[in-house]
Amino acid sequence: MTTIEARAVPTAVPRRGRLDGLWSALAPRATVLRVLAGVLTIIGTYLPWATFVLNEGPYPDKATLNFFVDPLGVTGFRLHLLVIGIAMIVVALLGLPAAGRIIRGLGWGTIAVAVINGLYILVQGGGFGAVTASDGAVAFGAVVALVGGLVAVLGGTAGGLGAKPELTWRLPWWAEWLILLVVFAIVLFLVAGVLTSGGQGGVVNPYAGAVFLSVLGALGGAISALSASGLLTWVSAVSERHRIFSVVVLLVVALLLPLTSAGTEYWMTVAANIGVYAATAIGLNIVVGLAGLLDLGYVAFLGIGAFVAANLSGAAASEIGIELPFPLVMIISAVVAGIFGAIVGSPTLRVRGDYLAIVTLAFGEIFVRSAQNNIGGLTGGANAIPNIPAVSAFGQSFAAPLTIGAVKLPSGVLYYVLIVLLVAAVMLVFANLKNSRLGRAWIAIREDEDAARAMGIRTGPVKILAFMIGATLAGLAGAFFAHKTGVVAYDSFQFIQSVTLLASVILGGMGTIPGAVLGASILFVLPEKLREFADYRLLIFGLALVVIMRFRPQGLIPDAHRRAELAPDAEDETPVVDVTT
Amino acid sequence: MLSTLLSQIVNGLVLGSLIGLIALGYTMVYGIVQLINFAHGEIFMVGAYGGLAMFTYLLPTALKNHWYFALPILLIVGAAVSVLVAVAMERLAYRPLRGAPRLAPLITALGVSVALQEAVRVFYPNATAAVPFPTIFVPGTLIIPIGDGIPIKYSAILLVVVALALAYALNTFVERSRMGRAMRATAQDPDVARLMGVDPDRVIVLTFVLGGALAGVGGILYGGLYNTINIDMGFQNGIFAFTAAVLGGIGNIRGAVVGGLAIGLVKALGGQYLPGGTAYDYVWIFVVLIVVLVFRPQGFFGETERVRA
Amino acid sequence: MTSPILEASGVTMQFGGLRALNDVSFGLAEGEVIGLIGPNGAGKTTLFNCLTGLYAPTSGTVSSRGTPLPHDPARVTEQGVARTFQNIRLFPSMTAEENVLVGRHVRMKQSPIISLLHGPGFRKSEREARERTAELLEFVGLARFSDELARNLPYGDQRRLEIARALATDPSVLLLDEPTAGMNAQETEATRQLIFAIRMLGTSVVVIEHDTKFIFTLCDRVLVLVQGEVLVEGTPDEVRGDPRVIEAYLGAPPDEVEAQIHEAEETQ
């Protein structure tokens, strides 16, 4: 017997603030506003977006078309807007629970798409004429869509956001498995689509950055709408019920990525690089997210692992000049990095908080300086250690293309498979530790070190262990990195990389696995996509850190436990309601 | 031999006075809001670029060649630019985070540091590489006749004199003036200070103003001494200054200056006499930093009770 | 006679020029409940900090069953002395269950390697810890809040959760620092019932409290600490009748204290 039951609290979450009057004035017309928002978004879709063909070539998705050409042939950002617009109207008319919340999410998505594409055309076209009217041509697509988005946010909020519904559907196990399969398949194609959207950045493809950001914006809107509808929470609850199944399917899905549109050498390399930093970020997440110890020199452990691997793999520039099998190299790299982790972590016995952060920064700087000066002839100094041989197994070099029967896979696929397995192993380590005696001890130390000691936790060894394990994981990633890129140079391990790793942990959400992976992905894919902004990359990065700390310090995927702690007064979050009592 | 030693000591003391000057800003801010203001080094850097911009684009050519006109103008402009940036930073980045978990302001400070460095690199003409800085004081070098002669640039003497004078003035201000008392009270216990009628916002802004002004002056003097500035100068010297502040006992003004001089000597003498030479002189400073933080986090002038780590 | 389960002899604690404790000695027998009373600033919490190894006394020793306790809170807890804090020190972002599980830390057989690999014995040790945790939450009356974050619990429940967490270390001695401070009448009553129940378990308890009425009904012996020294030690009856207590206690006018003590007598 299947019981399907959706519980929702239809009453509006009371809002306070200066805009009270506005909301109550708009409230009676909320449904009208919401439908209007959908209509405006759809009209925006079919309006031209650019008055002329830009210098860099036609803007994608026929931004210069005439009004309402080819209604069924819309692609790209127009298609996203069309879907969002229709969704707004449907949700508004059906009167779903939390309709306001859903429409507000969609509205933010529309705004993002409109602003990103509009701004891009505006900047590239050299002025407001490009996105309004110029030389007799009109192009109000961006403006109309933006208005549509704003109306959606207004209308969604005005009629009461509605509490996020608590879906408690229970289906037979096979149905839930099927749903999970479908969801993960969608995730696979989304990941492939997002990764390749806009193509490779740079000269070849001037609009890559805009297309990519626009896709992210639309996706963000869709995800916040899904989350508002309670579906995301429900799916994650289902996958929690079928944990092992989900993990296996996710792993398989990740391994299938080479068979999608992302299956080219270029994207495989990008994915492998993301993997390296994701694995490192998860290691850092143990130190920062679980144990609460700030490490500002963490990339040194990645570097140590990479240099150890470089020296043990028969590279001509290495003074040691021995070649060990790759698995052994990985283990040795990890162990050496772990030992350094213990050394760097040992000051935690006496130093806390900010001062500890500075100590780790100092260790990181000492590492970079030493590597730069080719200490002991081990790091190659400014010449780096080049020509590290590729990993090979069973006569198949990991750097070469792979043919299995009729399937031809691009080079780099084997490295991709290897890094997926490595990241999976690192995730397993993190998850196992988090839910264990040791993990609880770390969290207790993070929460209140004195109380943790009073509970019998020997904080010194436990903290050093956090550093050691984190460093070991980074060392593993480093060994992979050395072989994958073939060159190890000191300048890959500078302070800014440590900050970026820390930022990816924070951006994703401290103490969570998906957070670290998502954070690493965003921070290492964006530069690939936004080559034309390479000059501004770090500037934007620095400002983004400030903005994130100000407005969303809990990150994109916050740890359920830390959510409230880091965002104490987020007025539009659902209040923590205890539904069990 | 002796003259090498003495000239390295002179080098160390010159660099040390500069580091001490920057360290004053670190130590005051940490003393009052318990924030390691990573971006303080960048405030120093921004001051140097501000002064350079003044000199290159605004200063009439007639004044450029007379240091007694150019120098005061540059010092004032450098300090003003630094103060402006420091206050904006406090207002926009740090103030909204008061009371947030301690990680948040620290990461914000990192972000501000990266952003300021990059903003200068991207927007200041040719700042992608080191930029030449004019000599803004009596050119040339004084040779002290000991041994083979110990050279010391006149602009280095200027730097030492100005740095020590400003540190003395700051110390007097903090110890004697009404606002200075308010600062000390806030550093001791912000809540009690508030009850006593001290407005913590004003005290904090004042702290950033004073620290920014000193850093800006430091930036100009640095440029005048080395005749070249680059966007990395803030981060490196900032970390050294932080080390100096800790060495002298955080919150302690005299300690910061003495700590700065000590760090300068470590760099100069370490680069001369320790294995690895100048390539490793930075490393020794970081070693000192670690050793101090681990074994004497209250510094050499701080009282034991005031450990904040 | 066996040596006391917790014994302080000549404990003196000096902070700079301030002598917070001066030559404090007492012994706690197995299953005994001692009340520690005294005016604010008398050094009660300082004494607790010395007993649990948070402070190293300037002179004097703290020992358990004849062996001196180390100046390391973690190892003191391992040896069976657990405490609660005057200002609640829970792990705010952990659930009630997790808080108590942390208390099980010292009694769990789970090496880091087993934690990492979820190897043999992992499930068993986790299950045992969770069962014990569930028992303890039931015992303090917080079973229904098992999955609630500690910081979201009402104040009185937080104090009781702290007691459950301390009990999870399987202590032979439990030190309670003002377990009813800041509670309303209802919460205070519930907590008292809880402490009586802990006493029934046979755990030795030292409890700091301001409410003499409660102390006199609960404790086998009472220690009056004034200005860092033990002023009077004895059974509730002895302490109650001692004029020095009436004179010194709280620095309040004697008749007020007397009234309070009379009130305590009447309810007995």
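In which handedness of crossing does helix 2 of chain B pass helix 9 of chain B? Before we get there, note that this is a predicted model, where local features need pLDDT of at least 70, side-chain atom pairs count only at pLDDT 80 or more, and totals for chains, interfaces and linings use all residues. Residues are numbered from 1 along each chain as its sequence is written, while chains are lettered from A and ligands numbered from 1 in the order in which they are written.

Now to that helix pair. The crossing of helix 2 of chain B past helix 9 of chain B is right-handed, the near helix being turned clockwise from the far one by less than a right angle. Among the residues that meet are B:G47 and B:G51 from helix 2 of chain B, and B:G212 and B:G216 from helix 9 of chain B.

Next, look at where the chains touch. 32 residues of chain A are in contact with 33 of chain B, meaning C-beta atoms, placed from the backbone, within 7 Å. Helix 13 (353-372), helix 18 (495-508) and helix 20 (537-551) of chain A each supply at least two residues to chain A's side, and helix 13 of chain A gives the most, with eleven.

Key: Two residues are in contact if their C-beta atoms, placed from the backbone, lie within 7 Å. Helices (H or I, at least four residues) and strands (E, at least two) are DSSP runs, numbered from the N terminus.
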